[in-house]
Amino acid sequence: AGLAAELRRLTLTASLDGIVTDLSPNLQPGQWINGKEPILGLRRGAVLEAYVTEEDLPRIQVGASASFIPEGAGTARPATIATIDRMAVKSLTEPELAVPFGGTIPARIDRQSLIPDVSIYRVRLSLAEDGETPVPQRGEVHMDGERRSALGRALRAVAAVLIREWGA
């Protein structure tokens with residue numbers, strides 16, 4: 001009974017079904033590991049990361065529907081906005097999203113980091129259906145949000161410049 005209890009204690013069991021994504025490079029057979037050291041990553045379904053500009057941030061909200069369109073030949077996949085970061089991204093962790101590497105986010109290289117030239121915010125989305133999703137996969141996300149006119153946006157920009165110049 002003691003041996004069975006010890007085997008249960010030493011057997012890794014996840015609290016949810018998923019796919020192992022990252023395995024620690026420090027993990028070797030027969031090696032003791034620290035109980036606080038992460039040994040693997042577990043992913044359930046696909047999680048998408050999208051970036052929105054500061055001016056579009058107030059237009060979207062958690063729970064809104066979206067669609068992910070993979071780059072190249074692919075069909076749109078329905079998704080839902082899961083979280084929206086409220087702090088601007090200081091550096092891009094995925095170089096393929098930056099303009100110098102073929103992406104659409106204007107960024108510059110500074111001390112081996114990609115610094116966005118504009119304020120962008122990370123939005124995480126969950127895909128509606130489980131399926132085979134290559135990781136990582138670049139694409140475009142269309143999100144449902146509050147509609148705003150282009151004329152209104154232009155008038156706000158002009159008003160902001162006027163207020164800034166008169167206040168100086």
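**Entry 1: Glu49 and its partner**

I began with Glu49, which counts as partly exposed at 33% relative accessibility. I note here that the model I am reading is a predicted one. Which residue forms a salt bridge with Glu49? I found Arg124, with the closest N and O atoms 3.6 Å apart. Glu49 lies in strand S3 and Arg124 in strand S8, so this pair ties together parts that are 75 residues apart in sequence. Then I looked up how open Arg124 is: its relative accessibility is 28%, so Arg124 counts as partly exposed.

Glu49, Asp85, Arg122 and Arg124 are linked in a network of salt bridges.

**Entry 2: Asp85**

I looked up Asp85 next, as a member of that network. Asp85 is in the loop between S5 and strand S6 (107–110). Is Asp85 buried or exposed? At 19% relative accessibility I have to call Asp85 buried, because the cut-off for buried is under 20%. Setting aside residues up to four places away in sequence, I listed the contacts of Asp85 as Leu57, Tyr121, Arg122 and Arg124.

**Entry 3: the other salt bridges**

I looked up the total, and it is seven salt bridges. I wrote down two further examples.

Arg9 and Glu6 have side chains that meet in a salt bridge, at 2.8 Å from N to O. The two residues are three apart in helix H1 (residues 2–10), which means that about one helical turn separates them. Arg9 is exposed, with a relative accessible area of 58%, whereas Glu6 is partly exposed at 33%.

Arg108 and Asp117 also meet through their side chains in a salt bridge, at 3.1 Å from N to O. I have both down as partly exposed: Arg108 has a relative accessibility of 43%, and Asp117 has a relative accessible area of 46%.

**Entry 4: the sheet**

In what order do the five strands of the open sheet stand? I read the order as S3-S8-S5-S4-S9, with antiparallel pairing. S3 and strand S9 (139–143) are the edge strands, each pairing on one side only. On average, and ignoring direction, neighbouring strands of this sheet are turned by 40 degrees against each other. My reminder for this page is that strands of a sheet pair through backbone hydrogen bonds, either parallel or antiparallel.

I then went through some of the pairs.

- S3 and S8 run antiparallel and are joined by seven bridges. Val52 has Tyr121 in S8 as its bridge partner.
- S5 and S8 are also antiparallel, and they pair over five bridges.
- S4 and S5 run antiparallel and are joined by four bridges. Ala66 has Ala79 in S5 as its bridge partner.

I also checked the hairpin of S4 and S5, which has six residues between the strands. In this hairpin, Gly72 takes a positive phi near 90 degrees.

**Entry 5: the nonpolar cores**

How many residues are in the largest nonpolar core? The number is 15. The members that touch the most other members are Leu48, Val52, Ile60, Ile81, Ile84, Val123 and Leu125. Strands S3 (47–53), S4 (65–70), S5 (77–84) and S8 (120–127) each supply at least two residues of this core. S8 gives the largest share, four residues.

Leaving out residues up to four places away in sequence, Leu48 touches Phe68, Ala79, Val123, Arg124, Leu125 and Leu127. I also found a second, separate core of nine residues, including Val89, Ala98, Ala107 and Ile120.

**Entry 6: Ser119**

Ser119 has a relative accessible area of 35% and is partly exposed. Which residues does Ser119 touch, not counting residues up to four places away in sequence? I noted Val52, Thr53 and Glu54. I also looked up Met87: Ser119 and Met87 are 32 residues apart in sequence and 9.3 Å apart in space, C-alpha to C-alpha.

Conventions: Residues are numbered from 1 along each chain as its sequence is written. This is a predicted model: local features need pLDDT of at least 70, side-chain atom pairs count only at pLDDT 80 or more; totals for chains, interfaces and linings use all residues. Side-chain values use heavy atoms; hydrogens and water are left out. A nonpolar core is a set of buried Ala, Val, Leu, Ile, Met, Phe, Trp, Tyr and Cys residues joined through side-chain atoms within 4.5 Å. Buried means under 20% relative accessible area, exposed over 50%, partly exposed in between (1.4 Å probe, protein chains only). Contact means heavy atoms within 4.5 Å. Two strands pair if DSSP finds at least two bridges between them. Axes are lines fitted to C-alpha atoms, for helices over the stretch in contact, and angles run from 0 to 180 degrees between N-to-C directions. A salt bridge is a side-chain nitrogen of Lys or Arg within 4 Å of a carboxyl oxygen of Asp or Glu.
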